[in-house]
Amino acid sequence: MLTRRHVRVKVMQSLYAFLQSENENLNSEEKFLQKSMEGMYDLFLLNFSLLEEIKNKAQDYLEKSQQKYLATEEDKNPNLKFVNNGLIQQIENSEKLRNLLEDRKLNNWRQDDEYVSILWEEIKESEVYKEYLSTSESSYKEDKEFILNIFKNIIAPNDKLYEYIEDRNISWVDDIPIVNTAMVKTLKKLKQEETSLSVPKLYKSEEDYNFALQLFRKTLLNQDEFEKDVISKTPNWDKDRIADIDAVLLKMAICEFLKFPSIPVKVTINEYLEIAKEYSTPKSSIFINGILDKLSKEYKETKKLNKIGRGLM
């Protein structure tokens, strides 16, 4: 689930929090980083669970409508297209998802089902839902497009859901864009012939997990040295004028230059420019690009770069 860029973002957030708090306990902050990444995975799993619970809410609504004293013909014979949605069935059939939710005690939507009700009501009244139910026949392609549509346009942007997520876990607010993107990618990859959802792991490999901890640790332990290198390339800038996020990103990038032999210089620069565009000031990417370009050339000339393999310089 987590890409290397996601890992870098989580490390950046943890480094920023650590430096702002002036905490001196490196071990406790590493545990916070690990917990933060695990928490992101919880939110990812809860998104799948939420789709299932919304479908359950819809099924309950239809069953109650059939029991009305003055039930209409439509109430008696409802369109079951949504409750029989093929993609939702794949989620329901996922034993792995069910086990992960149970192991992590993620029963949020049963405890706070009013948020499920809010989303169901919004979906039920939406034009996209009415259009989806305009026919009783369905295809897997249509089922998938409908779920992606309501997730991207109704569920993800919902203000009440956002407030709930913020109240439950403050770090989740920063995770929402990453988690929602991962959610959409996972749903898009599902194929009709698959009987159940295959839930991605949090880390693609053990190497990615180790990368996160090593990047965090090595950046902190060498930050004074990295800061001097930044200052040497910004003689007209007081270090206090450099945005805090920019300072963290520069130190992380320098750490990758000098402490991670297998990561190409171009990859490091591109990754931190993209992160800066999303998380820092409008001009940060230009500023960071200038500093990293100068430093990478200097490190190469002074043979401080220790990159292994062709094309890594």
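I looked up lysine 303 and placed it in the segment after α16 (284–301). Helices here are DSSP runs of H or I of at least four residues, and strands are runs of E of at least two, numbered from the N terminus. Phi of lysine 303 is near 60°, a positive value in a residue other than glycine. I then checked its accessibility: lysine 303 is exposed, with a relative accessible area of 72%. For burial I used these cut-offs: buried is under 20% relative accessible area, exposed is over 50%, and partly exposed is in between (1.4 Å probe, protein chains only).

The model is predicted, with local features needing pLDDT of at least 70 and side-chain atom pairs counting only at pLDDT 80 or more, while totals for chains, interfaces and linings use all residues. Residues are numbered from 1 along each chain as its sequence is written, and side-chain values use heavy atoms, with hydrogens and water left out.

Next, lysine 105. I found a positive phi of about 55° there, although lysine 105 is not a glycine. It sits in the loop between α5 (95–103) and α6 (108–111). Lysine 105 is exposed, at a relative accessible area of 68%.

Then serine 49, in helix α2 (residues 26–66). I noted it as buried, with a relative accessible area of 8%. What does serine 49 contact, leaving aside its neighbours within four places in sequence? I found Leu101 and Trp109. Contact means heavy atoms within 4.5 Å.

I turned to helix α13 (residues 223–232). Its buried residues are Gln223, Phe226, Asp229 and Val230. Seen down the axis of α13, they fall within an arc of 120°, so they line one face of the helix. That arc is taken from the directions from the helix axis to the C-beta atoms. On the other side of α13, I saw Asp224 and Lys228 exposed. The buried residues of α13 pack against α1, α12 (206–221), α14 (244–259) and α16.

Last, the pair α1 (residues 4–21) and α11 (residues 172–189). They pack at an angle of about 175°, with axes 12 Å apart. That makes α1 roughly antiparallel to α11. Axes are lines fitted to C-alpha atoms, for helices over the stretch in contact, and angles run from 0 to 180 degrees between N-to-C directions. Under 35 degrees counts as roughly parallel, over 145 as roughly antiparallel, 65 to 115 as roughly perpendicular, and the rest as oblique. From α1, I listed His6, Val9, Lys10 and Gln13 in the contact; from α11, Asp174, Asp175 and Ile178.
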